[in-house]
Amino acid sequence: MSDSPIVLVPGYWLGAWAWDEVAALLRDEGHQVTALTLPGLDAPDTDRSSITMQDHVDAIVDAVAAHDDPVVLVLHSGAGTSGYGATDRVPERIAAAVYLDTGPGTGPMDPEFSSDELPLPSWEELAEDPGNSLEGVSDEDLERFRSRAVPQPGGVVREAPELTNPARLDVPTTLVCTTYSSGEYQEAAAAGFPFLGGLNELRDVTYLDLPACHWSMWSHPQEVADVISTIARRGD
């Protein structure tokens, strides 16, 4: 069986550039890799006022459908919610879903959010949330993050994905747990956190502990690439 193509989707404030190092490592291993910049995250001056969760789901579905073979869909952080929506739309086109320090979200990240966009918080604000840990990220990567970050579209923050297709429940899924352990993730899902809601319904979930910070594609790029490569070669 040939390797599955890989589609990399970054989380809040990030474009395809966030995956540059991991994508290069995967390509060096012979993988076919596509990294996405989701709608509204291309430039600071983009009008984000009308961008919706459905726009992000559609963009992921289009990237998946561009490949002839089913893909390994890798989702980081806030992209876990739109990515889960994409698995609902085209489950037959996804060989495996990989959630990097996130989960298959069934509800909005913040249903009360009312602004058109959510800017990248200060480092101090991020540090107050253990789930956004920057430990181990180099000064160079922090500078690049700050200089290239784009506000997250508000519609994506306050909206939930449409989930109607039970076939999504059989998509092989791996949760790569970095800032929290696999046990903590399972406890949070059982407690009803919406960004992990799919863990309570998916039928084929593997938990993998990779102690690192939230931005592990920068702090531990080789380890992240190795995990993705193994799953793509397995053809799960």
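Okay, let's start with the aromatics: W17, W123, F145, W215 and W218 form one aromatic cluster. Keep in mind that this is a predicted model. Across the whole structure, a search turns up seven aromatic pairs. Take W17 and W218: the ring centres are 6.0 Å apart and the planes sit at 15°, so this pair counts as stacked. W17 is in the loop between β1 and α1 while W218 is in helix α8, so the pair ties together parts that are 201 residues apart in sequence. Both W17 and W218 are buried.

Now, W218 has another ring partner, F145. How are those two rings arranged? Their centres are 4.9 Å apart and the planes are at 65°, so we call it edge-to-face. This one links distant parts of the chain too, with F145 in helix α5 and W218 in helix α8, 73 residues apart. As for burial, F145 comes out at 0% relative accessibility, and W218 at 5%.

That brings us to the core. The largest nonpolar core has 38 residues, and the ones with the most contacts inside it are I6, L8, F145, W215 and W218. Which elements give two or more residues to it? They are β1, α1, β3, β4, α5, α8 and α9. Helix α9 gives the most, six residues. There's also a second, separate core of 35 residues, and A63, V71, Y84 and L199 are among its members. As background, in soluble globular proteins nonpolar side chains tend to be buried together.

Leaving out residues up to four places away in sequence, W215 touches W13, L14, H76, N132, S133, L134, V137 and F145.

Next, helix α1. Its buried residues are V22, A23 and L26. They span an arc of only 100° around the axis, which puts them on the same side of α1. What's covering them? That includes β1, β2, α8 and α9.

If you zoom in on β1 and β2, they pair in the parallel sense over three bridges, and L8 has A35 in β2 as its bridge partner.

Not counting residues up to four places away in sequence, G78 touches G11 and Y12. The C-alpha atoms of G78 and V227 are separated by 20 Å, and these two residues are 149 apart along the chain.

The other spot is S182, in helix α7, residues 182-190. S182 counts as buried too, at 13% relative accessibility, because the cut-off is under 20%. Setting aside its neighbours within four places in sequence, S182 is in contact with C177, Y207 and D209.

That's my tour, thanks.

Methods: Residues numbered from 1 in each chain as written. Predicted model: local features only at pLDDT ≥ 70, side-chain atom pairs only at ≥ 80, totals over all residues. Heavy atoms only, no water. Core = buried A, V, L, I, M, F, W, Y, C linked by side-chain atoms within 4.5 Å. Buried < 20%, exposed > 50% of the residue type's maximum accessible area, 1.4 Å probe, protein only. Helix = DSSP H or I, 4+ residues; strand = E, 2+ residues; numbered from the N terminus. Contact = heavy atoms within 4.5 Å. Arc of directions from axis to C-beta. Pairing = 2+ DSSP bridges. Phe/Tyr/Trp six-rings, centres within 6.5 Å; stacked < 30°, edge-to-face > 60°.
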